[in-house]
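Hi,

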Amino acid sequence: MRKLTQICLGLMLLPIAAVAQNQPTMKDVLGKYFLVGTALNSHQIWTHDPKIVHAITDNFNSVVAENCMKGEIIHPEEDYYDWHDADQLVKFAEQHKMTVHGHCLVWHSQAPKWMFTDKEGKEVTREVLIDRMYHHITNVVKRYKGKIKGWDVVNEAILDNGEYRQSPYYKIIGPDFIKLAFIFAHQADPDAELYYNDYSMSIPAKRNAVVKLVKELKAAGCRIDAVGMQSHNGFNYPNLEDYENSIKAFIAAGVDVQFTELDVNMLPNPKSFGGAEISQNYKYNKELNPYVNGLTKAAQKTFDQQYLSFFKIYRKYVDHIKRVTLWGVDDGSSWLNGWPVPGRTNYGLLIDRNYKVKPVVKEIIKLYE
């Protein structure tokens, strides 16, 4: 009896994480097939809160910056880089033996505000923008050479209808800004993997355009390792057959597939809402925020079924999937609470607001055991 008491007391003194490790986690099981990642915000990479740290390190083996490596933050002025948070993200990952992916080098949104205009506010020339893009990519990628496994080189350059987005990069440089970005990134770190990343990739027109882009980049001799299907999914979208067809199409084009920003929006969408364009913003009303006190049983069942459906598809293509990344750690810090309608309560991730893993994770793990 005395020995049993000593054992129980010993268990009580163990860290919570040590006891919990008796249960297999996503990184333990799914991690045998692909990296299991999460996007970290600036608070999370600096925190000393053990609940947050354990939620990250117990469940994931890969991290990506939610915001701190985007152009406007890491390169706010032409002659000044702010490495503060980005360095800490890499340091956090190194301390916990996690793989780092970089997000993102070229994106029309959250680009450095000075990138497209001169000191007089006039639009820069093609040559100037190419030079600026070159130096931005080169300096960022070289700083983390050997520390970051791969980069989202270009983000969201194609519209849902398959046409190029009329971004400043496109309007000033032309469509070859994508090729140039891949060339510059590869020159800066020849060992880093390079990806094209976008949302709504299940849409056939967009799928076909991305396949065409991949083939063009390969024909030009550019390195491109994978297509990132962001997968900002919802409780009733995307069409699973279309989603799977896109996976097959990208693999057939000669690249791997990564699911780079996975979450499931459980709230009703405003009219005209679509995709994951961050500029979308709608006025709050109660009808668009039905689960302030938690999901109903029916909604929870839908949530579980959606996640299981996605991970069943991923299981089929594990030979060509190198990473699945959740866009956030927990429901409380998810961007879905404020987008596209500010002030809502959403439940899009696999860890809840108390940093506890949701029950469906056990079912997901069973798919891979």
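Predicted model: local features only at pLDDT ≥ 70, side-chain atom pairs only at ≥ 80, totals over all residues.

Residues are numbered from 1 along each chain as its sequence is written, and side-chain values use heavy atoms, with hydrogens and water left out.

Let me start with the strands. Helices (H or I, at least four residues) and strands (E, at least two) are DSSP runs, numbered from the N terminus, and two strands pair if DSSP finds at least two bridges between them. Strand β3 (residues 99-107) pairs with strand β2 (residues 62-65) in the parallel sense over 3 bridges, and V63 has V100 of β3 as its bridge partner. β3 also pairs with strand β4 (residues 150-155), again in the parallel sense, over 5 bridges. In that pairing H101 stands opposite G150 of β4, while W107 has N155 of β4 as its bridge partner.

β4 in turn pairs in the parallel sense with strand β5 (residues 193-198) over 5 bridges, where V154 has Y196 of β5 as its bridge partner.

As for burial (under 20% relative accessible area is buried, over 50% exposed, partly exposed in between; 1.4 Å probe, protein chains only), 8 of the 9 residues of β3 are buried, so this strand is largely enclosed by the rest of the structure. β4 is mostly covered, with 6 of its 6 residues buried.

Now the helix pair. Helix α11 (residues 204-219) and helix α12 (residues 240-252) pack at about 10°, with axes 10 Å apart; axes are lines fitted to C-alpha atoms, for helices over the stretch in contact, and angles run from 0 to 180 degrees between N-to-C directions. The two helices, α11 and α12, are therefore roughly parallel (under 35 degrees; over 145 is roughly antiparallel, 65 to 115 roughly perpendicular, the rest oblique). R207, V210 and V211 of α11 meet D242, N245, S246, A249 and F250 of α12 in this contact (heavy atoms within 4.5 Å).

Finally, where does N289 sit? N289 is in the loop between β8 (256-265) and α13 (297-316). At 6% relative accessibility, N289 counts as buried. Leaving aside neighbours within four places in sequence, N289 contacts L267, Y284, G343, R344 and T345.

Best wishes
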